[in-house]
Amino acid sequence: MTRVKGWGGLDAALFVLIATAILFRLIDLANLPGLNGDEAWYGVQVLRWSAGQPVDWRTPSGNLIGFAHPAGIWLLHWVFDPAPWILRAPSVVSSVLEIAVVARVAWKHLGPAAAAAGAGLCAALPVNIAYARFGWEPSHSGLFLSIAAALALRGSMIGTALSFAASLFLHPTNVVAGPFLALAFCGSELSRGHL
């Protein structure tokens, strides 16, 4: 970990905070909280697809089935037998990757202090820990929207649009991030003198 100049012991505190938050994502993953029907539904669809059986392409709430979560379960089933923890492991991976993306983007655009704050908040927010422990598509929204924000700040209109579209495919409520992404993109373009 790169030291933030003048922070002294805060480097160690940040490391402990992030490590503890990741541990909270992993402790008794298969049982806490209890498995819900949505999580089991994804597992059943992946097992059906793997066996060449018909798959429900719409979730019980009527949304199209996404790609991130079923793909993660499918990859894990190549190595492991079906188990409750497999239903949640892709969400944990997305959550940890989100912390890394937020830290990298904040470091590049706002500096080391913002990177430390962003990574710490992203790691420790209770809602992020909770969503990392549920095996369903909305749990991947933070990662995909963080990638979209990174691309918006780089001034990549196509990249931003594609990653935003992917986030909408994960869950339609991600539409609320649209104005933020547009603002980030316009700010990026203004800073480059393109607008």
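**Figure 1. A search of the whole structure turns up 2 salt bridges.** Welcome to this predicted model; we start with its charged pairs. Side chains of opposite charge can pair when their charged atoms come close. One of the salt bridges joins the side chains of Glu 39 and Arg 88, with 2.6 Å from N to O. This pair ties together distant parts of the chain, since Glu 39 sits in helix H2 (residues 37-50) and Arg 88 in helix H4, 49 residues apart. Are these two residues buried or exposed? Glu 39 is buried, because its relative accessible area is 0% and the cut-off for buried is under 20%. Arg 88 is buried too, also with a relative accessible area of 0%.

**Figure 2. Arg 48 and Asp 56 form a salt bridge through their side chains.** Here the N to O distance is 3.5 Å.

**Figure 3. The protein chain is built with 9 helices and 0 strands.** Let us step back for a moment to see the setting of these views. Followed from the N terminus, the elements read α-α-α-α-α-α-α-α-α. The C-alpha atoms fill a box of roughly 55 × 45 × 25 Å along the principal axes. Of the 195 residues in the protein chain, 41% are buried.

**Figure 4. A patch of positive charge lies on the surface.** Which residues gather here? They are Arg 104, Lys 108, Arg 154 and Arg 192. Arg 104 belongs to helix H4, which covers residues 84-110. With a relative accessibility of 54%, Arg 104 counts as exposed, because the cut-off for exposed is over 50%.

Figure 5. To find your way around, look for Val 79 in the loop between helix H3 (68-77) and H4. Val 79 is exposed, as its relative accessible area is 64%.

**Figure 6. Asn 174 is found in a loop between two helices.** Helix H8 (157-170) lies on one side of this loop and helix H9 (178-191) on the other. What does the side chain of Asn 174 meet? A polar atom of this side chain lies 2.7 Å from the backbone oxygen of Ser 167. Although Asn 174 is in a loop, this residue is buried, with a relative accessible area of 6%.

**Figure 7. Leu 110 is part of helix H4.** Is Leu 110 buried or exposed? Its relative accessibility is 67%, so Leu 110 counts as exposed. For a sense of scale, look from Leu 110 to Ala 161, which is 51 residues away along the chain. The C-alpha atoms of Leu 110 and Ala 161 are separated by 23 Å.

Methods
Residues numbered from 1 in each chain as written. Predicted model: local features only at pLDDT ≥ 70, side-chain atom pairs only at ≥ 80, totals over all residues. Heavy atoms only, no water. Patch = residues over 30% accessible without salt bridge, like charges linked within 9 Å, V, L, I, M, F, W, Y side chains within 5 Å. Areas by Shrake-Rupley, 256 points an atom, 1.4 Å probe, with all protein chains shown as cover. Salt bridge = Lys/Arg side-chain N within 4 Å of Asp/Glu carboxyl O. Lys, Arg positive; Asp, Glu negative; His and termini not counted. Charge placed at Lys NZ, Arg CZ, Asp CG, Glu CD. Helix = DSSP H or I, 4+ residues; strand = E, 2+ residues; numbered from the N terminus. Buried < 20%, exposed > 50% of the residue type's maximum accessible area, 1.4 Å probe, protein only. Polar contact = N/O pair within 3.5 Å; in protein donor to acceptor, adjacent residues only side chain to side chain.
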